[in-house]
Amino acid sequence: MEYVKVTFPTDRLVYIDGEESGNTNEVLRVEPGTHLFELGNLANFRPATRTVTVQDTTALEPLEIKFFRKDEE
């Protein structure tokens, strides 16, 4: 099992490979491999999706996947 933390300034649902998988700013479990991360259909964030390969993580050191508000630089 691998671990990720999808970050965003506010709480949002996280979709991994099209499935609702938890919330932003929490440590989430995923299978090892390449996954598609999204924050749903509110279009106030960027990038629209992130495709990330997840491997060699731990619960204490999850892979951080960042999303930003569209108005942030």
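Phe 8, Phe 45 and Phe 67 form one aromatic cluster in this predicted model. The structure holds two aromatic pairs, and Phe 45 takes part in the pair with Phe 8 as well as in the pair with Phe 67. The strands described below include an open three-stranded sheet with mixed pairing, together with antiparallel pairings of β5 with β2 and with β7.

**Aromatic cluster**

- Phe 8 and Phe 45 are both buried.
- Phe 45 also forms an edge-to-face pair with Phe 67, for which the values are 5.8 Å centre to centre and 80° between the planes.
- Because Phe 45 lies in strand β6 and Phe 67 in the loop between β8 and β9 (68–69), this pair ties together parts that are 22 residues apart in sequence.
- Phe 67, like Phe 45, is buried.

**Open sheet of β4, β1 and β8**

- The three strands of this open sheet follow the order β4-β1-β8, and their pairing is mixed.
- Strands β4 (27–30) and β8 (63–66) are the edge strands, each of them pairing on one side only.
- From one strand to the next, the twist averages 35°.
- Strand β1 (residues 2–7) runs parallel to β8, and four bridges join the two.
- Val 6 has Ile 65 in β8 as its bridge partner.

**Antiparallel pairings of β5**

- Strand β5 (residues 33–38) is joined to β2 by two bridges, and these two strands run antiparallel.
- Tyr 15 has Glu 38 in β5 as its bridge partner.
- With strand β7 (residues 50–54), β5 pairs in the antiparallel sense over five bridges.
- Within β7, the residue that stands opposite His 35 is Val 52.
- In a regular strand, side chains alternate between the two faces of the sheet.

Note on methods
Residues numbered from 1 in each chain as written. Predicted model: local features only at pLDDT ≥ 70, side-chain atom pairs only at ≥ 80, totals over all residues. Heavy atoms only, no water. Pairing = 2+ DSSP bridges. Axes fitted to C-alpha atoms, helices over the stretch in contact; angles between N-to-C directions. Phe/Tyr/Trp six-rings, centres within 6.5 Å; stacked < 30°, edge-to-face > 60°. Buried < 20%, exposed > 50% of the residue type's maximum accessible area, 1.4 Å probe, protein only.
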